[in-house]
Structure formats: C-alpha cells, structure tokens
2 protein chains.
Amino acid sequence: MESRSEQELAALKQELVRMAGLAEQAIGQAICALLARDLELAEEVLRGDAAINRLEVVIDERCLRMLALYQPEASDLRFIAMALKINNDLERIGDQAVNLAERTLELLKEPRLKPLIDIPHMAEMVQLMLKQSVEAFVQRDTGLARSICQRDDVIDALDDQIVRELLTYMMQDPQTITRAVNLILVSRHLERVADHATNIAEDVIYLVEGKHVKHHLDAITIGDSH
Amino acid sequence: MESRSEQELAALKQELVRMAGLAEQAIGQAICALLARDLELAEEVLRGDAAINRLEVVIDERCLRMLALYQPEASDLRFIAMALKINNDLERIGDQAVNLAERTLELLKEPRLKPLIDIPHMAEMVQLMLKQSVEAFVQRDTGLARSICQRDDVIDALDDQIVRELLTYMMQDPQTITRAVNLILVSRHLERVADHATNIAEDVIYLVEGKHVKHHLDAITIGDSH
C-alpha cells in the first residue's frame, strides 16, 4: 500500500502530464488555426489559456504542500523542485500558443501570402520536442532529453531559413510585408517553444544526473538561447 | 545570533540579487551596444551569458540543499519555491540579452536605419521594471509588484507602435527591410524581458498574498502574454 507522499508524488506527475497535455493541445490548435486559417480555433486558443494558468497555480500549490507536509528524500526533493521549474516552462508555452493565435488572427485579415512549407515542418518538429520533453521528464529518460537538446540547433537553422525566405518576399513585393513580418514572428514563437522544450530536457538531465550536466549544456547552448 | 537556516536564506537572497544584477547588466549592455553600435560590447554580452547560466545552477542547488537540510517554515518554503521560479526567469532574461546582442550584430552590418527614439524609451522602462521586480521580491513589496504588472500593458502598446512605424519604413523603402525586421525583433525581445519582470512581480504577489492573486492576475493578463 502506497504512502501518502507516494500518492502525492503520483498525483503531481499526473497533473504535470495534464499541464503538458494542455500546452501541447494549445500549440497544436494554434498551428491548425494558422494552417487552416480557422478564426474560431485561434480564438479558442486565446480562451483556453486561462485553464493553463489556473493549473500552473494548482501544481505550484501541490509542490509547496508536498515540501511542507512530508520531508521528501533527496531524489523526490529534486523532482519536486524541477516540477516547479518545468511547470513554469509549460505555462510559458501556453503563452506562446496565445502569441501564435494572435499572429494568426492578424494573418487572417489578408489573403494567404504563400503555401506554407517550412513553418508546418518546423511546427511538427517543435510539437514532437515538446511532447518528448515531458515524456523524458516523467520517465527520467536522459537519452531522450539529450536528443531534444540536440534538435534545438536544427530548429534555429529552420527559423533562420524561414526568416531569410520571407525577407526576399518582402523585398520583391512590399505588399507582402505585413504578412511576412507576422510569419517571421510565428517562426520566432515556434522557436521559443522549442527553447522551452529544450529547457525542460535540460532540467530532466539535471534532475537525473546532477548539476554538472546542466551546467555543461548551458555552456554549449549559449548560442542557441533565442 | 542567526541560525544556520537564517544564514542560508540570507545567502540565497544575496545570490538572487546578484543573479538579477547580472541579468540587468546584460540587458543594459545589450541596449548600450545597440544604441552606440558597439560591436565589442555586443560580443561581451554573448560571452557574459555563461556566468548567468552557472549562477542559475548554483542558486537551484542552494534551494534544493535548504529544502533538504532544514524543514523550512511555510513562509520560507514559499520563498524558496518562488526563488526557484524567479531564478528561471532571470536566466531567461539573460537569454533575451543574448538575443538583443545578436540582433545588434546583425544591425551593425548596415548603416543606421533611423535615429532610435521609441526603442530607447521602451528599453528604459523595461530595465526599470526588471530592477523593481527584484526589489519587490527581496522586500516582499506587493505594491511595487502591482505597479510593474500594470506597466506591462504600456510596454505592449509601445511594442505595437514600434512595429507599426517600422512597417511603414519597409513599405516606403525595401532597402530598409532587413534592418527594420531586426529592430522589430529587438522590440519583441524587450517586450519579453518586461513579460519576465511581470512574471517575477506576479510571483511576488503570489509569495506574499497566496495563490488567488496570481490566479487573478493571470486571468487579466492573458492578452499580454507575448
């Protein structure tokens, strides 16, 4: 029979997975809204953010209660502390979904600039990174976490490529400028989501292997901190 | 004579203030580099990020040690948990300084687009919000924290104004497009710093007054989550 603190820890994991699910869903909906030019779906993302913000508070409160009521052993303690940080990142990912939905609402005011190819590709990669970063956390899978950190560079390269292509559109036809700038910001918001997923993955490695790895990762990812 | 845990708590506050100081300095240097078109200073910001990342790990480790070794009372516990979250935001502010420095290096490849007026004004406001958010945390000053949350809307309005003006530049002269896009990203990075400062301020209110206020603030700041 589980102890009370084991039950709390299991509940915390469940809530974090739910929080991650909400963040993933918000990003997924924001991308769908962008690609399908779906105004209602974009507005649904804006409305949905309140639930993510509320769950962030619930999870913070549970972490505080666990720290206060039980004297968790070192590894659980580290887990709870990382949960507080990861919870923060997940809430910020929800904010990025809001930003993506806001860009989409702007883009819907004008006809489609071009068929989107790189942005959907980037969005798929980013959503996978986000999904796997939470899997890595729940399963303490540092191998998966490392593969996420490595992909951050690919996302940065994709972002640069998208920006360069959109700059050429703007230069060739000033009428495309507003839409191109909004698409550049979309790319930037996706890149931020990948950055949060990488942050979560770094925290997982930190959680499992201790500080030096995170320190090391920080050292080699300085250039990627977009 | 102070207890060991009181000494640790004082040391944690000192480290957070130092972390905040490094983040403030990085943002300040990045702004100076941008305005003075100072390549060396921009590169110094890039090099300086490693120190911020290292201090983040030191502070996390201290928080974990304090939670493990002492059974902090409820209010200290909340403080330590918030310290973990705020530490995260400060590290992210350092990343924004890196992004600002990278934009500056891009902007230095071409002559100055225009004398900057709104961006320095925005930068000053953002730096003050950052400085005061940490003051509010250390002094548990919810009044100051609330004033920071209120300013977030002003920053968003400034960002929109800057983007609109730069769009007109691009439309009038395609030769300005690359520089204008980089300045739009500068404005966005500053807006992110203000967002982190607001997050810190919300955490301060949460720390002092409990969850409902943060919940409430989240609810009314959904639209500002750029």
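Counted over all chains of this predicted model, there are two aromatic pairs. In chain A the partners are A:Phe79 and A:Phe137, whose rings are stacked, with 4.8 Å from centre to centre and 10 degrees between the planes. A:Phe79 belongs to helix H3 (residues 74–107) of chain A and A:Phe137 to helix H4 (residues 118–138) of chain A, so this pair ties together parts that are 58 residues apart in sequence. With a relative accessibility of 1%, A:Phe79 counts as buried, and A:Phe137, at 2%, counts as buried too.

Chain B holds a pair with these residue numbers as well: the ring centres of B:Phe79 and B:Phe137 are 4.8 Å apart and their planes meet at 10 degrees, so the pair is stacked. Here B:Phe79 sits in helix H3 (residues 74–107) of chain B while B:Phe137 sits in helix H4 (residues 118–138) of chain B, and therefore parts that are 58 residues apart in sequence are tied together. B:Phe79 is buried, at 0% relative accessibility, and B:Phe137 is buried with a relative accessible area of 2%.

In chain B, the face of B:Tyr206 has B:Arg78 over it, at 5.3 Å from the ring centre.

The C-alpha trace of chain A spans about 65 × 40 × 20 Å along its principal axes. Of the 226 residues in chain A, 62% are buried, and among the contacts between residues at least 6 apart in sequence, 84% join residues at least 24 apart. Chain A exposes about 8,600 Å², of which carbon and sulfur atoms supply 54%.

The next topic is charge. Side chains of opposite charge can pair when their charged atoms come close. Over all chains the count comes to 33 salt bridges. One of them joins the side chains of A:Asp89 and B:Arg92, at 3.3 Å from N to O, and this pair crosses between chains, from helix H3 of chain A to helix H3 of chain B. Both A:Asp89 and B:Arg92 are buried.

Other salt bridges lie within chain B. The side chains of B:Glu15 and B:Arg62 meet at 2.8 Å, N to O, and they link distant parts of the chain, since B:Glu15 is in helix H1 (residues 4–36) of chain B and B:Arg62 is in helix H2 (residues 39–69) of chain B, 47 residues apart. B:Glu15 is buried, with a relative accessible area of 14%, and B:Arg62 is likewise buried, at 14%. In another salt bridge, the closest N and O atoms of B:Lys114 and B:Glu165 are 3.6 Å apart; B:Glu165 is in helix H5 (residues 142–172) of chain B, and B:Lys114 is in the loop between H3 and H4 of chain B, 51 residues apart. B:Glu165 counts as partly exposed, at 29% relative accessibility, whereas B:Lys114 is buried, with a relative accessible area of 10%.

Finally, in chain A, a network of salt bridges links A:Arg4, A:Glu8, A:Glu15, A:Arg62 and A:Arg65.

Methods:
Residues numbered from 1 in each chain as written. Chains lettered and ligands numbered in written order. Predicted model: local features only at pLDDT ≥ 70, side-chain atom pairs only at ≥ 80, totals over all residues. Heavy atoms only, no water. Phe/Tyr/Trp six-rings, centres within 6.5 Å; stacked < 30°, edge-to-face > 60°. Helix = DSSP H or I, 4+ residues; strand = E, 2+ residues; numbered from the N terminus. Buried < 20%, exposed > 50% of the residue type's maximum accessible area, 1.4 Å probe, protein only. Lys NZ or Arg CZ within 6 Å of the ring centre and 35° of its normal. Contact = heavy atoms within 4.5 Å. Areas by Shrake-Rupley, 256 points an atom, 1.4 Å probe, with all protein chains shown as cover. Salt bridge = Lys/Arg side-chain N within 4 Å of Asp/Glu carboxyl O.
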